[in-house]
Amino acid sequence: MPDEQMAGAGSAPVAPGTAPGAPGVPPVAPRPLDPIDRSIMRLLQADGRASIRSVAEQVHVSRANAYARINRLIDDGVIRGFTARVNHERAGQGASAYITLKIVQNSWRTVREQLRELPGAAHIALVSGDFDVLLLVHTPDNRTLRELVLTRLQAIPEVLSTRTLLVFEETDLLDAGPGPAGGPAIAEE
């Protein structure tokens, strides 16, 4: 990869079905990550457009070594792709909520596919505890959120009940930066 920013080549997520662990692809035992691999991952999480040169300098390896490590992390499915972190409020999606769902037993795959189609769905997780699914959504306003819950979610036959938890304020830990306030600095390992 040229010493330009990472966003050009390889910036799209890995195609479904090609990464280890993807549907139809047998799972591969994870390869142990060393401190340099972990540092590279933290750097790329903070800035997916970081150049190979910048990454190599910050983790104290050659550009060729950084390039090979990043490609290995991608090929192994550790890094699934590169993306932009969005300020949802500035993007016109000022209402966010976590929605818990109780669903019919053994309907997870069906429900998951329907939740993927919801406008504003950002994260879906099958969880244990008092509910079965945790869904994060971003909508333009509370009225749209209400319609999403009452009209779209509760219309899914496998959804037995929902509970909506409004998000008043969020802190993206990746935006906190290195150092004492934002977690460990990259070069500490």
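Leaving aside its neighbours within four places in sequence, which residues is Tyr98 in contact with?

Guide: In this predicted model, Tyr98 is in contact with Leu134, Leu135, Leu136, Arg163, Thr164, Leu165 and Val167, once its neighbours within four places in sequence are left aside. Tyr98 is found in strand E1, which spans residues 95–103, and E1 belongs to an open sheet of four strands whose order is E2-E3-E1-E4, with antiparallel pairing. Strand E2 (121–126) and strand E4 (159–167) stand at the edges of that sheet, and because each has a single partner strand, one side of each is left without a neighbour in the sheet. On average, and with direction ignored, neighbouring strands of this sheet are turned by 20° against each other.

Among the contacts of Tyr98 is Leu165, which is 67 residues away in sequence, although the two C-alpha atoms are 5.1 Å apart in space. Strand E3 itself covers residues 133–139 and is joined to E2 by five bridges, the two strands running antiparallel. Helix H4, residues 108–116, lies across E1, E2 and E3, and runs at about 170° to E2. As for the accessibility of Tyr98, its relative value is 33%, so the residue counts as partly exposed, a class that lies between buried, under 20%, and exposed, over 50%.

Conventions. Residues are numbered from 1 along each chain as its sequence is written. This is a predicted model: local features need pLDDT of at least 70, side-chain atom pairs count only at pLDDT 80 or more; totals for chains, interfaces and linings use all residues. Side-chain values use heavy atoms; hydrogens and water are left out. Two strands pair if DSSP finds at least two bridges between them. Axes are lines fitted to C-alpha atoms, for helices over the stretch in contact, and angles run from 0 to 180 degrees between N-to-C directions. Contact means heavy atoms within 4.5 Å. Buried means under 20% relative accessible area, exposed over 50%, partly exposed in between (1.4 Å probe, protein chains only).
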